[in-house]
Each structure stands twice: as structure tokens, then as C-alpha cells.
Amino acid sequence: MTQHYYRGLATFLLLCMIPADAFQSSSLSLSIRTTTTTTTTNHHHHHHGALLAASKDNNGQQETAVTGPPRIRMVPCKLTVNRATLDFNKRLNVMSRAFDTQTAQHVQSTLEHEMKNYKAAIAAKAKAAAAAAAETTTPTTDDDDDDDELCEAPDENDTLIRPNVVSWTAVINAWARCTQRDMKGRRAQAIFDEMVELYDNGIDSGGDGSGDFEQLKPNLFAFHAVITAWVRSNEQGASSKALALLEQLSARYNATGDETLKPDARAFNLVINAIARSREPDCADRAASLLHQMEELYVEGDLEMQPDASTFGSIINAYANSGQDGSSDKAIQILQQMESLYQLGYKTVKPNTFVYNSCINAFAKSTLVREAPANAQKAQELLNWMERQYREHNDATVKPDVISYATCINAHANSREADAGQKAGALLEKMIDLYIMGDKDVKPNAVAYTAVLKAYLNSIANTTEGEQQRQGRLQDAAKKCLDMVVQMCLLYRNGDRKVKPTKITFDLATEILDKAGDADGKARIEMLRQGI
């Protein structure tokens with residue numbers, strides 16, 4: 001009884017923390033089929049995987065329309081994998097771990113070569129079988145032969161590589177890790193779609209009639225891989241593509257009941273992350289709707305669907321990126337609810353560094369100019385709290401990192417207060433001191449340096465001091481900004497690529513020096529720009 005009470009209370013808390021209009025405006029709805037080891041009742045039987053397109057009728061009632069399931073062919077028994085294929089998959093997996101621009105295409109070409117060999121081999125085998133069948137007087141059924149072949153133990157002398165779902169997933173993972181963010185989603189999706197078509201149709205999409213592709217049956221890991229590719233992509237419509245894949249995964253699970261296709265918390269978290277990163281106007285409400293569905297599924301008995309800290313952090317980021325008025329208030333409300341749930345015993349929702357960074361980001365990106373100074377103060381207080389928790393309680397889960405400091409610096413920059421430059425500069429100096437003392441997590445990067453430049457520029461523009469004091473502050477800011485850019489260039493020349501000045505860095509420094517009337521400083525900045 002106690003467990004049900006806490007689950008109900010947790011549901012109430014979660015529903016309270018998300019604005020009601022987040023659900024009313026969303027067209028997302030998911031129901032899950034949970035199974036038991038004995039019988040299935042109407043109470044426990046839900047369709048896990050049928051993402052429903054929901055709408056409201058004139059009476060406010062919800063109408064649902066389920067898209068038809070794909071044509072699925074069931075595998076008669078567990079497929080076997082020979083040593084040659086296992087070794088091939090191991091090689092692909094090792095190759096696909098690289099984060100660069102060339103590896104993904106190389107891994108894909110390797111798969112295509114072996115698929116070509118495999119198709120040729122099974123086409124030759126089919127031709128030989130047809131010839132043998134023409135000579136015999138006893139008719140046989142191809143289906144029986146195929147089923148027997150699927151179930152037989154692998155031949156130790158069999159050296160034919162039969163690329164399977166693991167092979168194709170390795171290629172998808174390679175594209176997900178490709179650093180070309182403007183194409184990785186499309187390329188990963190194309191590989192995934194081809195694999196699914198081969199499995200669903202049982203023949204080559206090119207129409208040569210070759211082959212049995214039962215070993216290409218998509219599974220949860222394949223879906224994870226292609227969704228991850230869209231999450232890491234900056235292509236237009238990436239979040240919609242990720243959501244469509246979750247719908248496809250759900251539809252397949254609903255059609256087959258195959259546990260290897262059951263959507264899990266990671267699949268939901270990936271899609272929530274993709275939506276949060278989209279920066280679309282409704283991204284926060286769409287992400288919150290998926291979180292609500294996860295919580296409902298968890299309370300209904302699917303314990304694997306329990307949202308964790310990363311789920312909530314992504315929702316907070318969605319509010320930060322949405323540009324909605326009051327987004328920072330919603331972000332801090334979610335943080336407070338997480339802390340309440342953690343106190344109730346839900347350990348997986350303990351706020352961590354990622355969550356606190358997301359809240360600081362929400363304060364930094366607040367769209368209400370009149371609230372910017374107060375939000376900068378709130379961001380600083382959150383950072384101070386993280387520092388105290390780590391220093392006094394040795395709680396490494398909330399230890400501030402470079403993102404914590406850089407985001408707080410950005411909050412001060414956006415406050416446009418007269419002392420914003422000094423506050424931002426002090427945080428940068430603290431980062432440098434901590435790094436020198438051995439804290440590698442707070443090593444300043446180009447984002448932190450550039451945010452300090454922005455803070456100095458904005459603070460100068462909004463000072464209410466007299467002209468003489470203003471000029472003195474301007475000269476001091478110009479000197480500090482020039483020194484910072486020089487420092488960044490030196491560090492970059494010594495091999496630290498994370499502090500490489502960007503165009504924005506140079507532009508901000510040039511503008512500050514121009515306002516200070518420092519022509520020599522501007523010329524030096526231009527020289528440094530040309531040398532990077």
C-alpha cells in the first residue's frame with residue numbers, strides 16, 4: 001500500500017510541475033502493453049508501441065486514430081551466427097567508434113561490399129537449389145528448407161559473412177558519431193530504412209530477387225542508434241524525425257509483442273533531448289508531454305519507464321531554449337519538484353550537475369529584459385549552492401564544471417548591469433585558479449572567454465556613470481579584453497583547441513577597443529585574427 005501511495009503522490013507532483021496546456025496542446029499519446037508471466041487482463045493489457053494521434057472533439061473528448069502496423073514477418077526460430085560474421089561485426093564496431101568526418105563512409109562501404117558478396121552467394125545457392133529441384137521427382141517446399149536452415153547449428157567451415165542487424169547498427173552508430181552534423185541524420189536514416197525494407201520485404205530493394213534477410217530484423221538498439229544520429233544532428237526537422245522513429249518502434253512492438261522492440265526510457269529520453277534541442281517555439285510543451293507519458297507508463301507498472309535526472313534536465317533545457325516568457329520560473333519549479341521526489345525516495349531523479357546547469361541556462365536565456373538582473377543573481381546563487389554542496393559534503397554529483405561557470409558568466413553578460421563585466425571576469429579568474437589547483441573539469445574554454453567579453457561590452461553600454469568615470473572603466477575593460485584574446489591565442493598555439501577564438505570573440509574584442517578609441521589594440525586584434 002505504501003508503494004502505491006508514493007507512486008500516486010509522485011504522479012501528482014509530476015503532473016503539478018508541468019503546465020496543463022502542455023498536454024492539451026500536444027498531439028502525442030502513447031499507451032503501453034505490459035505483460036505478466038501468467039495471464040493478461042484488461043486492466044494490465046495496454047498497447048505498448050501504438051503512438052496515437054490525438055485530437056479533441058467538440059465535447060472535449062479525446063479521439064484517437066492508430067496508424068496501421070507495418071507488415072511483419074515472424075522468425076520461426078532463433079537465428080545462428082557463424083564465426084566469420086561475428087568477427088566481421090567486431091571489426092565494424094571497432095571502426096565505428098571514431099568521431100570524425102571520414103570513418104562513417106568507410107564503415108558503410110565495408111558493409112556494402114560484404115552485402116554484395118552475401119547476395120551473390122545466396123543467389124547462387126538459390127539457383128543451384130532450383131536446378132536440383134528440377135531433377136528430383138519428390139517435390140519439396142522452400143519454406144520447410146528455409147526453416148530447417150535457420151535452426152541448424154553454424155558450420156565451423158562456413159566462412160560466408162552474413163551481415164545482420166548488428167552489422168547495420170554499427171554503420172548507423174558510425175554516422176551518429178560523424179562530425180558532419182548537417183548530414184549525419186539523413187545518412188543514418190537511409191541505412192536504417194534500407195535495412196528495414198530488406199527485412200520487411202525479404203528481397204533486395206533493387207529488385208534482383210536475392211535473398212532471405214531474417215537476420216536484419218530491427219531491434220531496440222538499432223532504433224537507439226538512428227534516433228541518436230538525429231539528436232546529434234543540426235538538420236532541419238531532426239526532432240520530428242526522432243519522434244517518428246519512436247512511433248515506428250512503438251507500432252512494431254504493438255504489432256508483434258516482440259520484447260526486443262519494446263520502447264524503453266532511453267528511447268524516450270533521446271527523443272525528449274532531440275525536441276529540447278530543436279529550439280522550436282513549442283519544444284518545451286512537446287517534451288513535457290513525452291515526460292508525462294513516461295510517468296503514466298511507470299505508474300501503470302512499467303518500472304523501466306521511470307524518468308531520471310537526465311529526462312528532467314532535458315525538459316528544463318527545453319524551457320530554456322523555447323524563448324517562452326516565464327521559462328526560468330518553470331525550470332526552477334521542475335528543479336524543486338525533483339528535489340521533492342528525491343526526498344520521497346526516488347533516487348534516480350536526484351538533481352545533478354546537468355540539471356543545475358540547465359536551470360542556470362534557463363536564467364541566462366530569459367527573454368524578459370527587466371528580469372535579467374534578478375535572473376543573473378539567481379544563476380549565481382545556484383552556482384554558489386553547487387560549490388557549497390561539493391565543498392562541504394563532497395557531493396560529486398553536483399560538482400560545478402566548465403558549463404556551470406560559462407553559463408553563469410553568460411547570465412551576467414545578459415543582465416547588462418554596470419558591474420556585469422567585473423562579475424564575469426571574477427568567475428573566469430576563479431575557473432583559472434581552480435584549474436591550476438588541479439580541477440580539470442573547470443578548465444576555461446572559448447565559450448567562457450567569449451562570454452566575459454560580451455559581459456564587458458554590455459556593462460559598458462549600460463553604465464550611468466559620468467563621462468570621466470565611464471572612460472576610465474572603458475579603458476580598463478579594453479585592456480582586459482585584449483589580454484584575454486592574446487591569452488586565448490597563446491593557449492591555442494600551444495595545443496589547446498578548446499580555447500580557439502571564434503569570429504564572435506574577435507568581433508566583440510574589436511568593438512570594445514573601438515569604443516575605447518584604441519586603434520593600436522584593434523590592429524593587434526586583426527593581426528591575431530589573421531594568424532589563427
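The close-up views below are taken from a predicted model.

**View A. Helices H3 and H6 pack with their axes roughly parallel.** The axes of helix H3 (residues 83–95) and helix H6 (residues 165–176) cross at roughly 10° and come within 9 Å. H3 and H6 are therefore roughly parallel to each other. From H3, the residues Phe 88, Asn 89, Leu 92 and Asn 93 meet Val 166, Ser 167 and Ala 170 of H6. Four of the residues in this contact are nonpolar and three are polar, with no charged residue taking part.

**View B. Helix H19 and the helices that cover its buried residues.** Helix H19 spans residues 467–493, 27 residues in total, and reaches 39 Å from its first C-alpha to its last, close to the 39 Å expected at 1.5 Å a residue. Its buried residues include Leu 474, Ala 477, Ala 478, Cys 481 and Leu 482; further along, Met 484, Val 485, Val 486, Met 488, Cys 489 and Tyr 492 are also buried. Helices H17 (420–436), H18 (446–461), H20 (503–515) and H21 (519–531) are among the elements covering these residues. After H19 comes Gly 495, which has a positive phi near 105°.

View C. Lys 479 is exposed, with a relative accessibility of 55%, whereas Asp 483 is partly exposed at 39%.

**View D. The salt bridge between Arg 186 and Glu 235.** The structure holds 20 salt bridges. In the one formed by Arg 186 and Glu 235, the closest N and O atoms are 2.9 Å apart. This pair links distant parts of the chain, 49 residues apart: Arg 186 belongs to helix H7 (residues 184–201), and Glu 235 to the loop between helix H8 (220–231) and helix H9 (238–256). Arg 186 is partly exposed, with a relative accessible area of 47%; Glu 235 counts as buried at 11% relative accessibility.

**View E. The salt bridge between Asp 441 and Lys 399.** The side chains of Asp 441 and Lys 399 meet at 3.1 Å, N to O. Asp 441 lies in the loop between H17 and H18, and Lys 399 in the loop between helix H15 (372–393) and helix H16 (402–415), so that the pair links distant parts of the chain. Asp 441 is partly exposed, with a relative accessible area of 43%, while Lys 399 is buried at 13%.

Conventions
Residues numbered from 1 in each chain as written. Predicted model: local features only at pLDDT ≥ 70, side-chain atom pairs only at ≥ 80, totals over all residues. Heavy atoms only, no water. Helix = DSSP H or I, 4+ residues; strand = E, 2+ residues; numbered from the N terminus. Expected span 1.5 Å × (residues − 1). Buried < 20%, exposed > 50% of the residue type's maximum accessible area, 1.4 Å probe, protein only. Contact = heavy atoms within 4.5 Å. Axes fitted to C-alpha atoms, helices over the stretch in contact; angles between N-to-C directions. Parallel < 35°, antiparallel > 145°, perpendicular 65-115°, else oblique. Nonpolar A, V, L, I, M, F, W, Y, C, P; charged D, E, K, R; others polar. Salt bridge = Lys/Arg side-chain N within 4 Å of Asp/Glu carboxyl O.
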